[in-house]
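Please open the model in your viewer and keep the selection tool at hand, since this tour moves from single residues in loops to the packing of helices.

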Amino acid sequence: CVRDDAETRKLARFSAELQDIEDHLPIDDAWKRKLGALAPISVVNQLFAAGDAARGVTTAAFNLPNDERVVAQKGSKRVMLKNVQEAKFEKVLLPIARLALSPADRGGVDFDAFFTHVLMHELVHGLGPHRVAGSDRPVREALEETYGALEEAKADAAGLFALQRLVDRGVLPRKLERSMYVTFLAGAFRTLRFGMNEAHGKGMALQVNWLLDRGAFVERRDGTFGVDGAKVKGAVADLSREIMTLQAKGDREAARAWLARDGVLRPGVSRAIERARGVPVDIAPRFVTAEALERAGR
């Protein structure tokens, strides 16, 4: 990757906001933590990927290390792959938005909102309960196979909650308030197409069904979907609370029951996804310069 210094400087201020976001998460104060270290953020453009970095879904960002002990002592680093995100937005998310979102909402879909939410998703992985309340047991261990879907859902929902707080405090512009929710809705259909056997897909189904049930997302008569601006803010905060409370309690059985019930595609959502069947599920980058160099070296 090649570091984009200008974009990295723009996002550096987010690290300083993390403790405030942690302090205002919609959960019991006993479950909030003092963060040990700031989270450095780098924005880069990817030139080449191989091995695990080029396997499966093309990653748009990464947040490492995953070792809880190291993160607690030293923090973690977030890396945003901007050119990868731009390609996903242009080639996948925008075409889906034209098919799945109502005409009134399509105009709010915006790359800056997409990019900023992906960043906040990565940052929020480091917030909230990481140990079961009253013990030293990692949430990941307590929740077993349900952990991945719930953690991805937490990062999405609490990421929106965090962005709303930054908008309310004037850290981010007010115009983001509308675009971030409709862009997230468009992105939800993109993620759901990865399937229910994948943590991101199952976690996204959980979120979409929660927001539909509370009227924050609305299915229109023509089969498209939109956002109810009056309901979405509260519904996102409630969803964030629900997920993180379950994590803090380490309640694996409740997690299993919730995912079995709501980690599924409902008929209206399935029909919208079917309309987008001609849109690629994901990008598949080719590193043509690397390929040419490899051929030249043979």
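A residue counts as partly exposed when its relative accessible area lies between the limits for buried, under 20%, and exposed, over 50%. The model shown here is a predicted one.

With that scale in mind, select Glu 144, which sits in the loop between H7 and H8. Its relative accessible area is 41%, and therefore Glu 144 is partly exposed. Check the backbone there as well, for Glu 144 has a positive phi of about 50° although it is not a glycine. Most residues other than glycine have a negative phi.

Next, go to Pro 65, in the loop between strand S3 (61-64) and helix H3 (68-74), where a cis peptide bond with an omega of about 5° links Leu 64 to Pro 65.

Now display helix H10 (residues 199-213) together with helix H11 (residues 229-249), whose axes come within 10 Å and cross at roughly 135°. The two helices, H10 and H11, are therefore oblique to each other, and H10 passes H11 in a right-handed crossing. To see the contact itself, select Gln 207, Trp 210 and Leu 211 in H10, which meet Ala 235, Val 236, Asp 238, Leu 239 and Glu 242 in H11. Sorted by class, this contact of H10 with H11 comprises five nonpolar, one polar and two charged residues.

Finish at helix H12 (residues 252-262), where Ala 255, Trp 258, Leu 259 and Asp 262 are buried. These residues lie on the same side of H12, because they cover an arc of only 95° around the axis. Helices H7 (139-143), H8 (147-168), H10 and H11 are among what covers the buried residues of H12, whereas the face turned away from the buried side carries the exposed residues Ala 260 and Arg 261.

Definitions and conventions:
Residues are numbered from 1 along each chain as its sequence is written. This is a predicted model: local features need pLDDT of at least 70, side-chain atom pairs count only at pLDDT 80 or more; totals for chains, interfaces and linings use all residues. Side-chain values use heavy atoms; hydrogens and water are left out. Axes are lines fitted to C-alpha atoms, for helices over the stretch in contact, and angles run from 0 to 180 degrees between N-to-C directions. Helices (H or I, at least four residues) and strands (E, at least two) are DSSP runs, numbered from the N terminus. Angles under 35 degrees count as roughly parallel, over 145 as roughly antiparallel, 65 to 115 as roughly perpendicular and the rest as oblique. A crossing is left-handed if the near helix is turned anticlockwise from the far one by less than a right angle, and right-handed if clockwise. Contact means heavy atoms within 4.5 Å. Ala, Val, Leu, Ile, Met, Phe, Trp, Tyr, Cys and Pro count as nonpolar, Asp, Glu, Lys and Arg as charged, and the others, Gly among them, as polar. Buried means under 20% relative accessible area, exposed over 50%, partly exposed in between (1.4 Å probe, protein chains only). The arc is that of the directions from the helix axis to the C-beta atoms.
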